[in-house]
Amino acid sequence: MELAGKKIILGLSGGIACYKAAELARLLGKAGASVQAAMTDAATHFITTVTMQALTGKPVFTDQWDARIANNMAHIDLSREADAILIAPCSADFLFKLAHGACDDLLSTLCLARPTGLPLMVAPAMNVEMWQNPATQRNVARLKEDGILVLGPDAGAQACGETGMGRMLEPAYLLEEVIAAFQPKALKGKRVLLTAGPTFEPIDPVRGITNLSSGKMGFAIARAAREAGAQVTLLAGPTALPTPYGVTRIDVQSARQMHDAVLARVAGQDIFIAVAAVADWRVVGASEQKLKKNAAGDPPQLLLEPNPDILATVAALPDRPYCIGFAAESENLAQYGEEKRRRKNVPLLVGNIGHHTFGKDDNELMLFEDSGQTMLPRAGKQELARQLIGVIARRL
Ligand code: C5P
């Protein structure tokens with residue numbers, strides 16, 4: 001319930017992406033937000049107020065002169081109650097109106113009347129030519145100068161049959177951005193590099209050695225770092241997890257690929273977080289061709305050699321970033337955790353309490369530092385990731 005207690009005004013202006021606003025209203029509600037929909041007249045041509053009312057559980061506002069507001073000041077009442085306003089979809093015309101302070105309908109008026117500091121986010125959605133038009137780009141630049149958050153748009157196939165920039169960002173990403181808007185910007189301007197997931201060490205082109213790491217904790221930390229305002233690069237081993245919005249992701253397979261990818265990008269980073277469960281060994285002389293069973297049925301003999309230790313390599317760099325390691329131990333975490341921190345020479349080592357965390361949605365962490373140990377009690381991985389980012393930001 002990442003938006004529990006938050007009141008969001010979801011404004012819809014005219015565009016075919018209005019149909020996605022229905023899903024967005026649902027996602028915001030599921031995250032705990034109380035959603036008040038407000039629609040322009042054009043939006044009501046694309047989706048009905050009945051749909052939005054049913055999904056938000058509240059009558060929709062479309063009219064400045066709505067008789068439900070006794071003093072006829074819907075624009076004041078609605079914007080004073082809100083914790084954030086999100087316009088999705090935001091048409092080219094509505095961008096223009098916001099950029100120029102127009103207020104000729106309820107939605108634009110309540111945006112203009114919003115209290116100073118109330119977050120206003122817009123998710124543009126329009127035809128590619130309309131988006132690229134210098135007039136629209138001028139309006140977008142003006143909105144950014146005014147501190148309005150412009151989310152997207154995405155590129156791809158459009159409802160009009162053309163292809164390019166102008167698709168509204170997917171509702172799941174918009175939800176991530178609304179949640180991010182409420183997070184403290186503790187890492188603003190910082191650069192963060194992370195590894196996450198398992199690695200895969202080939203035996204032959206179709207077989208390999210890997211482990212049960214899902215990547216969930218590393219991806220949650222990447223998202224939390226980006227929510228905190230950092231520029232985040234995520235080096236991911238094989239995992240099907242979706243990339244957190246706004247994070248640069250690079251996929252790798254083996255430990256050596258991960259090692260090379262990290263070393264190619266580590267210069268200029270402020271923070272390095274090694275969350276990946278890197279395979280300790282790789283197969284010597286992995287076969288180029290699929291290994292065949294022989295007539296006698298003898299299994300092949302695999303010879304292993306050690307992989308480079310990525311974290312220890314980064315921690316030994318002369319100009320190293322602030323380094324954080326992880327440990328998953330099946331016993332004696334208190335002792336092994338501190339030993340590992342010293343061996344890897346990192347200021348902060350994060351121990352998973354219990355090694356059954358792989359693939360789970362929650363976790364329990366023990367932080368090892370010079371100053372001693374701190375426990376982060378059991379919680380969802382995203383929540384723990386935010387707490388950990390808070391700790392890291394304080395240590396920097
Ligand atoms: O030595 P061990 O694998 O237990 O250490 C775990 C920590 O070291 C994790 O932070 C992991 O990402 C990192 N590591 C690494 N390269 C390796 C092995 C582990 O970066 N080859």
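A charge is taken to sit over a ring if NZ of Lys or CZ of Arg is within 6 Å of the ring centre and within 35 degrees of the ring normal. The charged end of arginine 68 meets this rule over the ring of phenylalanine 61, 4.1 Å from its centre. Lysine 6 lies over the face of phenylalanine 182, at 4.8 Å from the ring centre.

The model is predicted; local features need pLDDT of at least 70, side-chain atom pairs count only at pLDDT 80 or more, and totals for chains, interfaces and linings use all residues. Residues are numbered from 1 along each chain as its sequence is written, and side-chain values use heavy atoms, with hydrogens and water left out.

Aromatic pairing was examined next. Rings of Phe, Tyr and Trp (its six-membered ring) pair if their centres lie within 6.5 Å; planes under 30 degrees apart count as stacked, over 60 as edge-to-face and the rest as tilted. The whole structure holds 1 aromatic pair. The ring centres of tyrosine 173 and tyrosine 245 are 5.3 Å apart and the planes stand at 45 degrees, so the pair is tilted. Tyrosine 173 belongs to helix α8, and tyrosine 245 to the loop between β11 (231-236) and β12 (248-251), 72 residues apart. Helices (H or I, at least four residues) and strands (E, at least two) are DSSP runs, numbered from the N terminus. Tyrosine 173 is partly exposed, at 26% relative accessibility. Here buried means under 20% relative accessible area, exposed over 50%, and partly exposed in between (1.4 Å probe, protein chains only).

On a 1 Å grid over the protein atoms alone, a cavity is a set of points where a 1.4 Å probe fits but cannot get out, and a pocket is an open set with protein on both sides within 12 Å along at least five of seven lines; lining residues have an atom within 4 Å of a point. Grid points are joined across faces, edges and corners, and a volume is the space filled by probe spheres set on the points.

The largest pocket has a volume of about 930 Å³. Its lining has 40 residues, and Ala276, Ala277, Val278, Asp280 and Phe326 are the closest to its centre. β16 gives the most to this lining, with 4 residues. The lining of the largest pocket comprises 19 nonpolar, 14 polar and 7 charged residues. Ala, Val, Leu, Ile, Met, Phe, Trp, Tyr, Cys and Pro count as nonpolar, Asp, Glu, Lys and Arg as charged, and the others, Gly among them, as polar.

The second largest pocket has a volume of about 430 Å³. Of its 15 lining residues, Lys216, Ala220, Arg223, Leu241 and Gln382 are the closest to its centre. Helix α9 supplies the largest share, 4 residues. Domain 1 (7-181) and domain 2 (191-395) both contribute to the lining of the second largest pocket, so it lies between them. Domain bounds come from an automatic or database domain assignment.

The search gives 1 cavity of 30 Å³ or more. Glu176, Glu177, Ala180, Arg223, Arg226, Glu227 and Tyr245 form its lining. That lining has 2 nonpolar, no polar and 5 charged residues.

Backbone features complete the description. Alanine 88 and proline 89 are joined by a cis peptide bond, with omega about 0 degrees. Proline 89 lies in strand β3 (residues 84-90). The bond from glycine 152 to proline 153 is also cis, with omega near 5 degrees.
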